Amino acid sequence: MFPARCFSVVGCLVVGCALTLLAPMSQAREEKQPAAPKELVLSIPAKSELYLSFRVAEIWKSPLLKQLLAELDKDLSLIMELKLLERELDVRPDQITRVTIVSTDLKASVVSGVPPTLLLETSKPMDTRSLLRFGLLDAKPQRIHGHNVLVAGQQAGLFRADRQLALIGPLKTLEAMLDPKAPKPSGLLAQVVAKAATEHAVGYMVPSVLADPAERELTGVFVAVRPLVATQQAGGWVRVGYESQFQGQLLFADEKAAQRAYKSIQAMRTLAAVSLENLRPSLQGKWQAASEFLARVEKILEEAPLEHKGKSVSAQLTLKLGKAEVARLLKEAVIPLRQAARKAQMSNHLKQIGLALHSYHDSYGTFPAAASYDKDGKPLLSWRVHLLPFLEQEALYRQFKLDEPWDSPHNKKLLAKMPAVYALPGVRPKIEGGTVMQGFVGKGAFFEGKRGLRFSNITDGTSNTFMIVEAGQEVPWTKPEELPFDPEAKQLPKLGGTFEGGFHVVFGDGSVRFIKHTTKLETLKAFITRNGGEVIRGDE
């Protein structure tokens, strides 16, 4: 089966489109709407359990998306993934006419990680060799329903309708999509597929295949949503613009189930409106834009048409936004909240590293040295490599040749396998395998000499001693390179730079703190040294 790499590209395209569902499309809507490709409409299997389709180019060219990219920081991981896709396929996002995702076995996709089928339509010809890099390099030609298909093993394949339309995914789904005698979509699925020709984003799924019988016995606060577990089919479509519109429909096995779901959605809508009303006062002032936006959402929820008819429940939502309002939301709410989330994730990464260092000490009686060395005293691999078994990365650790340097032909290949715990959240490394998780090396620092230190060597107290910090420059994670420390130096290496106002540190006791850039140099030196005997006041 083609690997998760293709699945991640699919995911980032979906998220990319989702991020733009408020994008103003007034200019694009004036143009003639492109029809859905014949192949796309006619080849969707009737038994599809998941169907998503996005008109990527039209959304990508929207004025607001340009505003979002300008306002949000450039290191957004999604944008990095799309840039990677551009390098892989030599196709820009604005040249991707449509992305369609289909799964005939949704449970396998969700539970077992089996990627769905990807249908990619572009305005620029795609190179077959580039597409084969998505895990199909050993593919062989095979005839399926009269079509030439490149098949890898018995699990995945690639079909080119032409140079601008490619179908890649599990062989079983490809066979169904290429079978001219296969039944065509009907009912709600057929409606959603037809809407793909005119709407910016459409979606359909069969939630019942994922429902666990135990979930039907939901109790407590989840009782209100229990009727929704019985949803047989769900579909919807979105038209985005200054006046964005969403329409959705849920289908049930019988009218009684639909009636229960209708009442459940009504109750949830009321609860959501009340929750927003209670939340808004706490946002007024600093978060005024968010407060005003939530007031709008509250009103939309209260007035949104909700209809029960037979076995179905349908709803419509309309949201109007202006460019100035979006800019305020980004500046006052979205960007700060995203920054806060990334800071929390960064703290969690350092917390895991701190715990792993303690576990290492428990096992060996010392912390790891900054690096391992050969018999001639030449550094080989960083402490980050030797910490892998304590970060649940034993399998990766075993792939290293511990008697070879980090940049040996064998070990250098492992740079690309850097664990997420060493990554800077939301930022693609500027160098392959680059990390800012580094320690100070020098007289009195946590790393000193060629042997690891003990807790007993930290006489200043673990709560007053830096172990690992957020450095200002990346180094390859396997390379034995850290931050040099000289107690007499008049300045320190650059620290932080990603998060406004300071940098993160995990201390000897395993606690993680955010240190302000305004902290005095002498205080920082006192934190770096483990045995300097300095007195650090609580306000420092």
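**Briefing on a predicted protein chain**

The protein chain contains 17 helices and 20 strands, where helices (H or I, at least four residues) and strands (E, at least two) are DSSP runs numbered from the N terminus. This is a predicted model, in which local features need pLDDT of at least 70 and side-chain atom pairs count only at pLDDT 80 or more, while totals for chains, interfaces and linings use all residues. Residues are numbered from 1 along each chain as its sequence is written, and side-chain values use heavy atoms, with hydrogens and water left out. Of the 540 residues of the chain, 46% count as buried, a term that means under 20% relative accessible area, with exposed over 50% and partly exposed in between (1.4 Å probe, protein chains only).

**Contacts across the chain**

- Among contacts (heavy atoms within 4.5 Å) between residues at least 6 apart in sequence, 70% join residues at least 24 apart.

**His361 in helix 13**

- His361, which is found in helix 13, is buried, with a relative accessible area of 12%.
- Apart from neighbours within four places in sequence, His361 is in contact with Thr366, Phe367, Leu453, Arg454 and Phe455.

**Helices 11 and 12**

- The axes of helix 11 (residues 255-283) and helix 12 (residues 288-303), which are lines fitted to C-alpha atoms over the stretch in contact, with angles from 0 to 180 degrees between N-to-C directions, come within 9 Å and cross at roughly 160°.
- That crossing makes helix 11 roughly antiparallel to helix 12, as angles over 145 degrees count as roughly antiparallel.
- Residues of helix 11 including Ala273, Leu276 and Arg280 meet residues of helix 12, among them Leu294, Val297 and Leu301.

**Helix 17**

- Helix 17 (residues 521-528) is largely enclosed by the rest of the structure, because 6 of its 8 residues are buried, namely Thr523, Leu524, Lys525, Ala526, Phe527 and Ile528.
- What covers these buried residues includes strand 16 (440-442), strand 17 (466-476), strand 18 (483-485), strand 19 (502-507) and strand 20 (512-516).

Methods:
Angles under 35 degrees count as roughly parallel, over 145 as roughly antiparallel, 65 to 115 as roughly perpendicular and the rest as oblique.
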